[in-house]
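Subject: Structure handover

Hello,

Here is the structure I promised to pass on. Please open it beside this message, and read my notes below as you go.

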Amino acid sequence: MAVSLASVACLCLVAVVSGDPCLIISEINADNPRLDTTEFVELYHTSGQRASLDGYTLVFYNGNGNIAYKVLDLKGMSTDDRGFFLVGSVDMLPKPSILLPPNTVQNGPDAIVLYHTSAARYSEKMNVTAHGLVDAVVYMTRRTGGAEFLAETLTPGERAFVEDETALEGDESIERCLLSEDRWGFQVSSPSPGQRNNCTPPTVAATVPVINELKLGGGQVDGFVELTEASAAGPLVLVVLDGKTDRVSVSVDVDATTSRNGLISVTIEKSYMKGDESGAVAVYSGTASDFPVGSPLSQIQPLDAFVFAGPGNKPSANLTETLIPGRLPYQLSNSLREGGFDLSRCGVADWERDPGVFWEAPQTPGQPNQCPWPKICPHSIVIPGGTDSPPHLPPWGNSDFLINELNTDTPGAAEDGEYIELWHPSGRRVSLQGIWILLFSAHNNRPYREISLSGHFTTSKGYFLLGSDRLVPAPSLRLPPNTIQNGPDAVALYRSPFGPPSASQRGIPTKGLLDAVVYRQRGSDKEAQELSKALTPGQLPLLEDPEVLLGDEALSRCRGLYPYDLSAFSVAAPTPLRENSCPRPPPAPEGVVISEVASGYWTNHSQQRAFVELHGAPMTDLRGLVLTVFDQVHSGTVIALPLTGSIDQDGFYIVGNVTGADQTFLEGSTVPVRGAVVLCYDLFSICRAGTALTNSSLRDVLVFSENQQLLSSLSTTRGRQVIPALRSVEAGPVSLSRCSCCEVRSPSSWTSSSPTPHSTNLCPSSAFSSHIDMCLGPLSSDWQEQAGDCSSLIKGKRVAEVADYLEQKCHCGISALYLQGANFSCVSGWLRVWGNIQALSDHQKALIIQTSHMNPSSAQGDVCSAPSTDRYTSAASALGLQIGLIVAVLLLLGLGAALFTYFYRRRRPLDYYTMELSEHAEGLSDL
């Protein structure tokens, strides 16, 4: 028969487990049967006592647009005497402290967030933020989905909770329960507003027995183990192991006939399972004869296991990793009581072999466990008043965990410096729930070790380290020395929330594969063909070449964030939990610039696609360049792509989601609505961060954002950005195109136009020029404050700002490129523009003419007809004026010379002596 652990665990006592008390979102009921008249949000202070809510704000977010639709300032409020606080519908019982109209709490995809900072920061219709976040719940229904962005921002590494409206008859709510150790989760249960949550473990199949209670004696009382009944599992044996020798201390056959209420009790003689020593208890299929006393630790996987560590007495790494892979032993306290330690399964996690689900609680043989209410903050990584994620490390779309560095072979025979380093591209503390690492052997193409990382978290910078127990810095998960084989072998990373990847897939698992590295020793590349074919198809295994560096070396991710891409790795010095020490890139290619940029979000046109076009000399090698895209909304990087290959024979290279692209964007990543595109030459980590770029590393940049933080981080000042003008193109896709070949990093080189990937950009042409004469007044009352009056523009010859001034009047895509044949002057603060203005097309020409035909008032006409105080002439007009002046000066000089000669001769006529000599000369010449 199936035994439900719902009858086993019940949170009904108030006791301190660990950690300081805090305020949490405890329960949400967002969707009632029929009319939504009993919706509520329950907050709970884990002290179990009255607590002030001053400084807290509760914000409700709509997943459709990711904006706030309800903001509640909790200033002046407090929980009740048991720590509960209710916000809910007017028809609810018990009555909420804050009443809401019916149908206020939306059904999903949505989020409810608790903040602790100034309430003035939060308002309705604001964008989602993690600033000051204390706790958050992101939820959706099976019908809706679509809460990915909210989850990435508010609960990175966590999936949105799916509220299954069919789970229970009648109403149900989302209730927070402790899973294991300090790891919280949610489950659907019957609503319990103002009461303890119904935190009961899920139903366990009759084929899987689990350890439910234990007593670890002090050598004075017998030990005790309680198991759930599992008649379909066949004969069972309970094995107790010594934590120092890894050998069997005692084995006992489990007598299922003693079952009471689906629970089986087994007594262990008092000289074993001592609370002041380390050891383990494991349940296997079989009989006691299969595990004789004194026999070594079996490599057969147990059905369930519990490993414990006495004060100052740690069990061996081999015992821990074999019985509870990826978990930590239960650490017993120093104060050993006379009756020993009583431990009960209280966490609602649905997995076995995890000591973290056990808490100290009174022993209740054959009865439901009496578990304490935990006092652990679910988001202890975020402090009240905290800040948003670092500007250079935001959520990364659909990107998941990656293998970042691998050291499989260390100098010496001990092999005690091996490690595997993972990294999450968010660069933040992220849960590893449901993540598995499988170590494969190429000799049989099967995993020789499967390690669950559930219950673990990355560091605050996104790193997670597992490795030898003597490794420095200390790994979060320790492995026995010489665990990671030297090759040919493979390391594979999976997301598998329902158990080991190999349990549900034959052969080499590929479902849920996140990343993989296949590696070899010298002369062994052909031995890993099957692993390569399944995990990294079309690629040769990597060689961790010991001859590259003196001392130790590692395989480090240096050239990109694509999963299962072995070309991203280089042999480099080991840097566990630090930025990889990557080789410097080759010399930077010269003359490569960003030529065209388009975002798929700029228009709704069916042909609007995201891409970045580079231009340079044909066949230029692009190695060493990194294309980085920053997002104004996320305040950081969304794409960091090391470039490969060469400029084509026509001088173009396309990156993006368009036909014929040379490289594509990472899945889930694209050019944002507002942001920047940077062409960088430096270490990949520096280009990715974008915060330490120098003039030598910043090869080219296009900023299409007014975000000052983004502008300053890219060494760009106000006015050096280009915003796409959608009106400049008639009913079609829009891009930003470079129309000046050599002015790198200058907004004056850019204009809005129709996309032309792999072709010459569309630029303003004299073929569509029009003659205009416009008189423009100040744009706003703060014009004087922002840029001074227009005379300062004229004197400084800041054509780009004049163009921006005109664009704010026209909204038709005018930039400095359009003013090459125009003149402008300033009269009493009014700007007059006249001459020829180029355009892209007849459509844009018509918009410019329409702006020029705006009827100025008489005052404007009088002002513009007055004498100019300042005047600017375009480069073309200035050149013509210069030529005219030169010609005039030459004419005046010629006229002056002629007049001088004329007057000179009149005043001094030729004398006869001269004339006579001339005649003699003529006569001599005739001879």
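Leu890 is exposed, at 54% relative accessibility. Throughout, buried means under 20% relative accessible area, exposed means over 50%, and partly exposed lies in between, with a 1.4 Å probe and protein chains only. Leu890 sits in helix H11 (residues 875–907). Helices (H or I, at least four residues) and strands (E, at least two) are DSSP runs, numbered from the N terminus. Leu890 also belongs to a nonpolar surface patch with Ile886, Val889 and Leu893. Together the four have about 400 Å² of accessible area. Areas come from the Shrake-Rupley method with a 1.4 Å probe, and for residues only the protein chains shown count as cover. Patch members have over 30% relative accessible area and no salt bridge; like charges are joined within 9 Å, and nonpolar side chains (Val, Leu, Ile, Met, Phe, Trp, Tyr) within 5 Å. A salt bridge is a side-chain nitrogen of Lys or Arg within 4 Å of a carboxyl oxygen of Asp or Glu.

A word on the source. This is a predicted model, where local features need pLDDT of at least 70, side-chain atom pairs count only at pLDDT 80 or more, and totals for chains, interfaces and linings use all residues. Residues are numbered from 1 along each chain as its sequence is written, and side-chain values use heavy atoms, with hydrogens and water left out.

**The five-stranded sheet**

Five strands form an open sheet. Their order is S6-S5-S9-S10-S11, and the pairing is mixed. Strand S6 (67–73) and strand S11 (161–163) are at the edges with a single partner strand each, so one side of each has no neighbour in the sheet. The twist from one strand to the next averages 25°. Axes here are lines fitted to C-alpha atoms, for helices over the stretch in contact, and angles run from 0 to 180 degrees between N-to-C directions. Two strands pair if DSSP finds at least two bridges between them.

Look at strand S5 (residues 56–62). Seven of its seven residues are buried, so S5 is largely enclosed by the rest of the structure. In a regular strand, side chains alternate between the two faces of the sheet. Both faces of S5 are covered. Tyr56, Leu58, Phe60 and Asn62 are buried on one side. Thr57, Val59 and Tyr61 are buried on the other.

S5 runs antiparallel to S9, joined by seven bridges. Phe60 has Ile112 as its bridge partner in S9. S5 also pairs with S6, again antiparallel, over six bridges. There, Leu58 is opposite Leu72. S5 and S6 make a hairpin with four residues between them. Gly65, in the turn, has a positive phi of about 110°.

Next come strand S9 (residues 110–116) and strand S10 (residues 133–141). They pair in the antiparallel sense, over six bridges. Tyr115 faces Leu133 of S10.

**Another buried strand**

Strand S39 (residues 625–631) has seven of seven residues buried, so S39 too is largely enclosed by the rest of the structure. Leu625, Leu627, Val629 and Asp631 are buried on one face. Val626, Thr628 and Phe630 are buried on the other. S39 and strand S42 (residues 675–681) run antiparallel, with seven bridges. Val629 has Val677 as its bridge partner in S42.

**Cis prolines**

Where is Pro94 found? It is in the loop between strand S7 (84–89) and strand S8 (98–100). A cis peptide bond joins it to Leu93, with omega about -5°. Pro473 lies in the loop between strand S30 (463–468) and strand S31 (477–479). The bond between Val472 and Pro473 is cis, with omega about 5°.

**Positive phi outside glycine**

Asn261 has a phi near 55°, a positive value in a residue other than glycine. Its loop runs between strand S18 (248–253) and strand S19 (263–268). Asn261 is exposed, at 54% relative accessible area. Asn482 has a positive phi near 65°. Asn482 is in the loop between S31 and strand S32 (489–495). At 47% relative accessibility, Asn482 is partly exposed.

**One last residue**

Ser766 is in strand S46 (residues 765–776). Ser766 is exposed, with a relative accessible area of 53%. Ser766 and Leu840 are 74 residues apart in sequence and 8.9 Å apart in space, C-alpha to C-alpha.

Best wishes
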